[in-house]
Amino acid sequence: MKILLEKNYRIILNFVDFKLEKGITLISGPNASGKSSLLKVLAGIFIPDMGKVFLDGKDITLLPPSERVKLGIVLAPERMKIALNLTVEDNLRFSDVEKAYEFFPELKKISKRRGKDLSGGERQMVVLARALAMDCRFLLLDEPFQGLHGDIRIRLIRIIKEISNRAAVAVVTHDEIEEVLKIAEKIYVLVSGKTKFSGNREEGEIVIKEMFL
């Protein structure tokens with residue numbers, strides 16, 4: 001796809017050409033570079049002003065998020081977005097709940113607690129568990145390490161690597177970049193809505209370290 005996206009008369013994605021394949025793709029770049037917006041285009045939350053999104057050769061540009069989930073496109077959004085008035089278990093009901101608890105057994109202990117009563121880290125685990133426990137072909141992780149402490153971050157990296165053996169995983173993150181770099185096959189770097197770099201890990205690592213590390 002080659003995507004143009006505008007919001008409030010500002011160009012968010014400036015003809016970004018992006019292809020997501022099996023394995024792990026790291027999408028990096030400074031704040032407000034269009035990384036989260038790119039994932040939202042893939043998930044169907046944003047409709048591009050120009051360009052199309054294809055899956056298996058079929059145009060899905062106008063397909064709503066609910067239909068894309070059925071095709072295996074799953075987004076774990078940033079900022080710990082869950083239903084605050086629902087319990088942990090109810091928030092997980094559209095995924096395989098038992099599998100979600102296998103990823104994050106901490107959640108089973110608080111399964112009847114409402115979202116509004118959870119800590120930031122607990123909410124983030126709900127967001128991740130819900131996405132990870134779905135039968136996805138394309139897993140889109142937007143700032144997945146937010147609010148998580150060290151041990152759970154390490155566990156999440158292991159889970160991401162395991163899932164990448166059967167699915168395409170896109171990771172947008174400012175945290176644990178060096179750890180994600182170790183397991184990523186492909187790197188995209190966005191700056192001001194444009195693709196500054198796309199390529200393999202070895203070359204991408206040089207670009208990212210020069211810019212951010």
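Colleague: At what distance does the side chain of S164 reach the backbone oxygen of K161?

Modeller: This is a predicted model, in which local features need pLDDT of at least 70, side-chain atom pairs count only at pLDDT 80 or more, and totals for chains, interfaces and linings use all residues. Residues are numbered from 1 along each chain as its sequence is written, and side-chain values use heavy atoms, with hydrogens and water left out. The loop between α6 (150-163) and β8 (168-172) holds S164, helices (H or I, at least four residues) and strands (E, at least two) being DSSP runs numbered from the N terminus. From there the side chain of S164 reaches the backbone oxygen of K161 at 2.6 Å.

Colleague: Is S164 buried or exposed?

Modeller: Leaving aside its neighbours within four places in sequence, S164 is in contact (heavy atoms within 4.5 Å) with K22, G23, I24 and V169. Buried means under 20% relative accessible area, exposed over 50% and partly exposed in between, with a 1.4 Å probe and protein chains only. At a relative accessible area of 8%, S164 is buried.

Colleague: Which class describes the pair formed by the rings of F18 and Y188?

Modeller: A search of the whole structure finds 1 aromatic pair, where rings of Phe, Tyr and Trp (its six-membered ring) pair if their centres lie within 6.5 Å, planes under 30 degrees apart counting as stacked, over 60 as edge-to-face and the rest as tilted. Because the rings of F18 and Y188 have planes at 50°, with centres 4.5 Å apart, the pair is tilted.

Colleague: How many of the 13 residues of α5 are buried?

Modeller: Among the elements covering the buried residues of α5 are β6 (73-76), α3 (88-91), α4 (97-103), β7 (138-142) and α6. The helix is largely enclosed by the rest of the structure, because the number of its 13 residues that are buried is 11.

Colleague: Over the face of which residue does K7 lie?

Modeller: A charge sits over a ring if NZ of Lys or CZ of Arg is within 6 Å of the ring centre and within 35 degrees of the ring normal. At 4.3 Å from the ring centre, K7 lies over the face of F46.

How values were computed:
A polar contact is a pair of N or O atoms within 3.5 Å; within protein, one must be able to donate a hydrogen and the other to accept it, and residues adjacent in sequence count only if both atoms are side-chain atoms.
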